[in-house]
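Please open the model in a viewer and keep the selection panel at hand.

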Amino acid sequence: MTETTAAAEKPTLKDRVIRELKEWGSTFAVFIPLFFVFSLLLYEQRVIPSESMVPNLQVGDRVVVNKFAYGYSRYSVPWGVGRILPLGEGRLFKGEPKRGDVVVFMHPHFRRVMIKRVVGMPGDRIEIRGERVILNDEEIPTSFARRHRYIPHGDSRPETAQEFRETIGDKTVLVHQLRKGQSGDNTPVFVVPQGHYFFMGDNRDNSKDARDLSGHCPANAAGVIDQAGCEPRVPARDASVGFVPLDHLIGRAETVLFTTKRCRRGDGLDCPPKRLWRGL
């Protein structure tokens, strides 16, 4: 082989770049559809953006969501693609959440993904009285756990929360109460319509959830709120979730994979437990 022939066969920089791009293109052509199907049918990850589920979920926690726990609806399709697909209402392979589940769902009044805990099931009668949850005319078991002093996300001043253990369904969870006299400490009676659920955040004084009347229909003549589907009484982006329909559920949050939150330590301040592959 002559030197001229060898030089002609040696790939140029442009050739190497084109070949590398083709290899990456082939990889993504296989990986992206597989990832889309995996996220659609099995699991997806969500990052916690707010403190509404403190102390059980912190800002920056990366949570694994089980998509097949409740079946599939248009809101189950990742990256918001379900909004533009010609999909009907309802669910495929329908499953129902259990009381106490931590659920990821689409806000009924505004395009925003939420995460809260199921407290009320269809047909349940719920009232908050003096910060206590009255479920079907009985106060759910609650006991004081401790005082927790910490610095909230985005703030520089410490807060002191009272932590309580509540037994919701077959789960005993910690909830936060920051201060008395908040709007969610006492509510009307709610009766959850069929096909809907009543969600609350674990951080009771820092969660705009089903206790807030702005996302509900007006009360009936007896003062009971038992209807869903009304237009909110405030701009949609400011409304609470109200009663959430089953078809708006995306999946069950099961595990905190890891967190990007760094706890600021100091005298008398508490930090959350280690958050690596931690079940909910």
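Predicted model: local features only at pLDDT ≥ 70, side-chain atom pairs only at ≥ 80, totals over all residues.

A residue is called buried when its relative accessible area is under 20%, exposed when that area is over 50%, and partly exposed in between.

**Stop one: the aromatic pairs**

Select Phe 105 and Phe 199, both of which are buried. They belong to a set of six aromatic pairs found in a search of the whole structure. Their ring centres are 4.4 Å apart and their planes meet at 20 degrees, so this pair is stacked. Phe 105 is part of strand S3 (residues 102-106) and Phe 199 part of strand S12, so the contact ties together parts that are 94 residues apart in sequence.

Next select Phe 190 and Phe 198. This aromatic pair is tilted, with 5.1 Å from centre to centre and 55 degrees between the planes. Phe 190 has 0% relative accessibility and counts as buried; Phe 198, also listed at 0%, is buried as well.

**Stop two: a charge over a ring**

Select Arg 132 and Phe 164. The charged end of Arg 132 sits over the ring of Phe 164, at 4.7 Å from the ring centre.

**Stop three: the disulfide**

How many disulfides does the count give? The count comes to one. Select Cys 217 and Cys 230, which form a disulfide with their sulfur atoms 2.1 Å apart. The torsion about their S-S bond is about 105 degrees, so the disulfide is right-handed. Cys 217 lies in the loop between strand S12 (196-200) and strand S13 (224-225), while Cys 230 lies in the loop between S13 and strand S14 (244-245), so the bond ties together parts that are 13 residues apart in sequence. Are the two cysteines buried or exposed? Cys 217 is buried, because its relative accessibility is 3%, whereas Cys 230, at 30%, is partly exposed.

**Stop four: the largest pocket**

Select Pro 49, Ser 50, Arg 112, Val 113 and Met 114, which lie nearest the centre of the largest pocket among its 22 lining residues. Strand S1 (43-47) and strand S4 (113-120) are the elements that give two or more residues to this lining. The largest share, four residues, comes from S4. The pocket has a volume of about 350 Å³, and its lining divides into nine nonpolar, six polar and seven charged residues.

Keep Met 114 selected. Met 114 is found in strand S4 and is buried, with a relative accessible area of 13%.

**Stop five: backbone details**

Select Val 54 and Pro 55. The peptide bond between them is cis, with omega near 10 degrees, and Pro 55 lies in the loop between S1 and strand S2 (61-66).

Then select Asn 136, a residue other than glycine with a positive phi, near 50 degrees. Asn 136 occupies the loop between strand S6 (132-135) and strand S7 (138-139) and is partly exposed, at 36%.

Finish at Trp 277, whose phi is likewise positive and near 50 degrees. Trp 277 sits in the loop between strand S15 (249-259) and strand S16 (278-279). With a relative accessibility of 64%, Trp 277 counts as exposed.

How values were computed
Residues numbered from 1 in each chain as written. Heavy atoms only, no water. 1 Å grid on protein atoms, 1.4 Å probe; cavity = no way out; pocket = protein on both sides within 12 Å on 5 of 7 lines; lining within 4 Å. Points joined across faces, edges and corners; volume = space filled by probe spheres on them. Nonpolar A, V, L, I, M, F, W, Y, C, P; charged D, E, K, R; others polar. Disulfide = S-S within 2.5 Å. Buried < 20%, exposed > 50% of the residue type's maximum accessible area, 1.4 Å probe, protein only. Phe/Tyr/Trp six-rings, centres within 6.5 Å; stacked < 30°, edge-to-face > 60°. Lys NZ or Arg CZ within 6 Å of the ring centre and 35° of its normal.
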